[in-house]
Amino acid sequence: MSSIEKAGTFTLGDRTVKRLGYGAMQLAGPGVFGPPKDHQAALAVLRAAVAGGVNHIDTSDFYGPHVTNRLIREALAPYPDDLVIVTKIGARRGADRSWIPAFSAEELTQAVHDNLRNLGLDVLEVVNLRIMFDAHGPAEGSIEAPLTVLAELQRQGLVRHIGLSNVTPAQIAQGRRICEIVCVQNHYNVAHRTDDALIDALAGGGIAYVPYFPLGGFTPLQSSTLSDIAQRLRATPMQVALAWLLRRAPNILLIPGTSSVAHLQENLAAAELDLPDDTMVALDGISAAAASTH
Ligand SMILES: NC(=O)c1ccc[n+]([C@@H]2O[C@H](COP(=O)([O-])OP(=O)(O)OC[C@H]3O[C@@H](n4cnc5c(N)ncnc54)[C@H](OP(=O)(O)O)[C@@H]3O)[C@@H](O)[C@H]2O)c1
């Protein structure tokens, strides 16, 4: 059994979480739609995460929809005292599996209540507002109206802390004028480093940066540099990719997703992998190589 304690901790809102967490999106059916193909296997992954020391789980009621939240409740409620479940709102699913922006006051309020009910909670610890001006990446535009709605739900006591997802630095600055922002969740990994400067700026403000697709997402990372370093360190490429993120900045919290207990154990063991300085230099070269092929 590995120890994820070695990855350290970070303060998320006013809770201490281990820097190695778990992202539940992969537990829904294909296309993040419908039930998992093996219900018991999905429950087993969640239970193995908590048994392995995870106390930070990322989810949303639009995974499924409603599927991952209900799995989390079934597998883990009554929840351990130290478990922090982070959810996100701002989208809904079409019958054709599409991801549709859902930013009206009514939709956002409904989403908070749906999350509360499906997770079986009285208050949501952290809610990310997922911006959908472009579903695939940050795009400029004012977030004032939806964030003001979420801040009001926070004042009502339904939400403890607020984060932002799929956002630009300008939107984060705008958001911080409206309410306290405790975390930012954007696409980032060893090969996709658009947010390098942002991560360091957020670290200065004590704001967590939670990369989504830390392993490459729907097309998992493939790189000869990752494979070579993994072989040298007697690790796997995915462990090297996670260890790189852990070393990249102290405010990075990991939520790698998997539907497999074996992959979960492998990912948690990344906490114990020390990357020598020369491997960090080589890994830094992956994003430059990826950029030159696009
Ligand atoms: N805010 C947003 O817009 C947003 C968007 C996407 C995701 N998220 C969150 O971020 C979390 C992480 O993202 P993600 O799950 O999409 O992508 P990810 O963590 O980068 O990668 C998941 C993929 O990698 C595979 N995988 C995981 N561990 C592996 C291992 N050790 N060896 C080989 N393959 C492995 C998984 O397949 P197996 O199931 O076969 O292991 C899955 O296909 C999600 O769970 C979700 O909570 C947020």
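Where is His66 found? In this predicted model, His66 belongs to the loop that runs between β4 and α2. The backbone at His66 is worth a look, as this residue has a positive phi of about 75° although it is not a glycine. Pro65 has its place in the loop between β4 (56-58) and α2 (67-76), and the peptide bond that leads from Gly64 to Pro65 is cis, with omega near -15°. Pro78 is found in the loop between α2 and β5 (84-89).

Attention now turns to the ligand. The ligand sits in the largest pocket, with 26 residues around it. Of these, Asp58, Leu215, Thr258, Ser259 and His263 come nearest. The shell is made up of 11 nonpolar, 11 polar and 4 charged residues. Among the elements that contribute to this shell, helix α9 (residues 261-268) gives the most, with 3 residues.

Several polar atoms of the protein can be followed directly to the ligand. In the side chain of Asp58, an N or O atom is 2.6 Å from an oxygen atom of the ligand. For Leu215 the backbone is involved, with an N or O atom placed 2.6 Å from a ligand oxygen. Gly217 also takes part through its backbone, where a polar atom is 2.9 Å from an oxygen atom of the ligand. Taken alone, the ligand exposes 900 Å², and the protein buries 88% of that.

The structure holds 8 aromatic pairs. One of them is formed by Tyr188 and Trp244, whose rings are stacked, at 6.0 Å centre to centre and with 25° between the planes. The planes count as stacked because their angle is under 30 degrees. Which parts of the chain does the pair of Tyr188 and Trp244 tie together? Tyr188 lies in the loop between β10 (181-185) and α6 (196-204), whereas Trp244 lies in helix α8 (residues 237-248), so the pair links parts that are 56 residues apart in sequence.

Notes. Residues are numbered from 1 along each chain as its sequence is written. This is a predicted model: local features need pLDDT of at least 70, side-chain atom pairs count only at pLDDT 80 or more; totals for chains, interfaces and linings use all residues. Side-chain values use heavy atoms; hydrogens and water are left out. A residue is near a molecule or strand if one of its heavy atoms lies within 4 Å of it. A polar contact is a pair of N or O atoms within 3.5 Å; within protein, one must be able to donate a hydrogen and the other to accept it, and residues adjacent in sequence count only if both atoms are side-chain atoms. Accessible areas come from the Shrake-Rupley method with a 1.4 Å probe; for residues, only the protein chains shown count as cover. On a 1 Å grid over the protein atoms alone, a cavity is a set of points where a 1.4 Å probe fits but cannot get out, and a pocket is an open set with protein on both sides within 12 Å along at least five of seven lines; lining residues have an atom within 4 Å of a point. A molecule sits in a cavity or pocket if more than half of its atoms lie within 2 Å of its grid points. Helices (H or I, at least four residues) and strands (E, at least two) are DSSP runs, numbered from the N terminus. Ala, Val, Leu, Ile, Met, Phe, Trp, Tyr, Cys and Pro count as nonpolar, Asp, Glu, Lys and Arg as charged, and the others, Gly among them, as polar. Rings of Phe, Tyr and Trp (its six-membered ring) pair if their centres lie within 6.5 Å; planes under 30 degrees apart count as stacked, over 60 as edge-to-face and the rest as tilted.
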